[in-house]
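Dear colleague,

Please find the structure below, handed over for your records. A summary of the findings follows it.

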Amino acid sequence: MADEVTTHQHCSSKNKGSEPDPPAEFPSIEEGKQTSANGVLEALGYEPELVRNRSTLQIAFMSFVLAAIPYGLATTFIYPLIGGGPVNIIWGWLVVSLITLCVAASLGEITSVYPTAGGVYYQTFMLSPPSYRRIASWICGWSYVVGNITITLAVNLGSTLFFVSCINVFESAPGVGIFQAETYQVFLIFLAVTFFANAVSAFGNKWLPYLDTFAIFWTLAGLLAIIICVLAIAKEGRHDAEYVFTSFKPESGWPPGWSFCVGLLQAAYSTSSTGMVICMCEEVQQPSTQVPKAMVGAVIINTLAGFLFLIPLVFVLPDTKVLAALESGQPVPSIIKSAIGSPIGSFLLLLPLVVLALFCVIGCTTAVSRSTWAFARDGGIPGSIWWRQVNRDGVPFNAMMLGMVVQILLGFIYFGSTTAFNAFTGVGVITLTVSYACPIVVSLVGGRRHIKNGQFNLGSLGLVCNIVALGWSILVIPLFCMPSSIPVTANTVNYAPVVFVAFIIIASGWYWAWGGTQMEAIGDKLDGLTFTLKTQATSLIPFLLGLKYVLSWPILPIFRDAHNVDKPSPMHFTRDSGVTTGFNTWSKFAVKKVDHNSAKFKWYHTNIFTRWLPSTNQTVILAFDLDSPVKERFLRAVMKPNESWLSDPFWIYPYLIELIALFEEPSVWAIRDHVRAMETEGKPEGRPQPDYRQLHDLARHAIHVNETLDVASQNIEHILMQHENYTNSNPDNDPATSEDIRFRLRSWQSFITSLRYRSNSNEKRLQNEIQLSFNTVAQHDAGITLEIGRATQMDSATMKTIAFVTLTFLPPTFICAIFSMSFFDFGGDSGWTMSDKFWVYWVFAIPTTVLTTLVWTYWPNIRRILFSNNE
């Protein structure tokens, strides 16, 4: 019996103390993609806990909602307006969009290799050298989480300020809005927005993908309304194209070049959410491809939507000095009002942006909860045991509440400085940019070797994207620490560097004080893919999941050629100076699961390598490609072995063969049930309609099941032969143990042979049903053909009658037409009269009709005589 069990498997927020529930007989076929994604996640060292309910488009839509174009551009419109005017607005957006596309492509390449909710900090750890990987991932993780929180805080506060500005398009006096909000009123609205976003994200998780999809169409409708109305009405006129695309008027006080760069904060803020969507990797079915495509696709959509929004506004742009002097710092409502001329019309056009703002805060709140939860799952946040919990709906509710509390606490800064929004915006962009740069720089320094293992490899183009992304990162940090205009006052100072440096100091100090020793290192996730079972006679390492992630390990290259074998590879001893040091075996089995209710199927594979150490009776087991529930069953079997068998290197195979046999059996009976349903099906009324596609699929499944049973039987025979060779060459081996193992193997071999007989019968019965289906349809079609023939005969007789009648009357009619003979006359006084020459008609009609009838009747004979004469 086991006296101690030490588990270093991947850390989970779930309680591992209890025995896991027995798995279902088989997972549903529809779970195939999700099972595959969960297998990759397990290979990276994490247990799947979130619900995979999002598609590629839905993730792209969420990324679009996080950027919230055009809302994101509207709330920060003041930056390019004072930075350089039209040129800064239009061309600054294009420049930053192209750079962001490079950032998205660079992160997409890395995410395709390491698709976890931890995102950039996990990727940084995996790509960094061991000497500094912990501190690098720690700084990256804190930057990522802080960036998510502060950018969400900026969105919440920005939405509040934008909403107030929209209300103030209604004026109580010229230039005076109807709602001159006090600081506490703005803060209360900010709280309402924050609470609303968290409530929707927490309790409407399953509806969020549909909300994001709706946001796309809502935004499109709002954009079209703004474009059409603003350009069509244009109360104050329109600028020409030269002004829109070439006018550069800095109002910031900085030198022109630096002023242009400072004005890029608008575009940088709107696109800073590019990598936030990585935290959704554990909620899609194929994260290695879906998330990278979604990130790149969202940037392209955002770019186009941004131009559709910005260009019309610049065409109707009022005096930039007046807009720059607005106390609210929100020029877009004023721009639209000046173009429309009506407060009601302006508010209705701004309403889509307000609603989009709510979509954005919900999406950002969701991203905050996932990123915070992921970092807490790795022990990166104090109190991680609480923040890494996931509720029954698949929502990290505790992490979401933590993010909300931090945002509210930081929101109190607004009472001290109304420019807090600028600080949160700058800090969010800076920290997110730093977090994005970390995995890119370590990937580039490492030669991008890992990218070839991903499914989103851009090759040399990816290298260019990496360089552009890192160049942008170097510029962003000092750029957005600068005040947006000079001279600087208490109201215009940029507190972003203070907040940023404070977070860096706190994160670094917390690492040295606590994180360096207490953080559950991400690297332990890989080591944690093993279980160590200490018993009186054996030490067992059952699992190393995800073959493609561990093939670089020194022990595995010798088995690469054996990975696709259909029978056990040669089993052999390893010796040192004539002393046996181990006994190695390798086997592979395949099982095809056929669904009882349909012709759907799923393949299961077991690739097992064992190394038995005779000196200590220890067995090392490497198991690859095991999907649920094979993995759970195999684990339960090897964790509770028969201790008397542990001195035999083949002790694992009775358990493995039993597992294979019990997985083969349902497929055999499932095919039998399908065949039996066909055999007992009553004769259909009318024409038979057999499902030939299903018949073909079932026949294919029956052939595959027969094949797997044959291969399994051959494998068992090979194992038995190797076991016999082992026992004969090792007289010290316990004969009772060897005989017991051999007996169990023979028993399961007999069981599989019996299944093979049943499966062979299924195949023959299925072929009989297929033949019967063909014959039944052919018989029915033959009967229909016979009926058609009889009907044709009847039609032929009818046609002959019609032809004869026509033939009878046609010649006389023809004669009448020729001679235009009028044998009848009708007079008013005399009535009907007949000509005395009527006999002429019969003289011609009768002979002609008789002659025609005779020719028609005897024409075959006449034709035969004519042809014979010609010959």
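**Surface patch, helix contact and salt bridges**

L188 lies in helix α8; helices (H or I, at least four residues) are DSSP runs, numbered from the N terminus. This is a predicted model, in which local features need pLDDT of at least 70 and side-chain atom pairs count only at pLDDT 80 or more, while totals for chains, interfaces and linings use all residues. Residues are numbered from 1 along each chain as its sequence is written, and side-chain values use heavy atoms, with hydrogens and water left out.

Together with Y184, V405, L409, F412 and F415, L188 forms a nonpolar patch on the surface. Its residues have over 30% relative accessible area and no salt bridge, with nonpolar side chains joined within 5 Å. The accessible area together is about 610 Å² (Shrake-Rupley method, 1.4 Å probe). Helices α8 (183-203) and α18 (397-411) each give two or more residues to this patch.

The axes (lines fitted to C-alpha atoms over the stretch in contact, with angles from 0 to 180 degrees between N-to-C directions) of α25 (residues 630-639) and α26 (residues 652-679) come within 10 Å and cross at roughly 145 degrees. V630, R633, F634, A637 and V638 of α25 meet I652, Y655, L656, L659 and F663 of α26, contact meaning heavy atoms within 4.5 Å.

The whole structure holds eight salt bridges (a side-chain nitrogen of Lys or Arg within 4 Å of a carboxyl oxygen of Asp or Glu). E658 forms a salt bridge with R744, with the closest N and O atoms 3.6 Å apart. This pair links distant parts of the chain, E658 in α26 and R744 in α28 (residues 735-819), 86 residues apart.

Yours sincerely

Notes: Patch = residues over 30% accessible without salt bridge, like charges linked within 9 Å, V, L, I, M, F, W, Y side chains within 5 Å.
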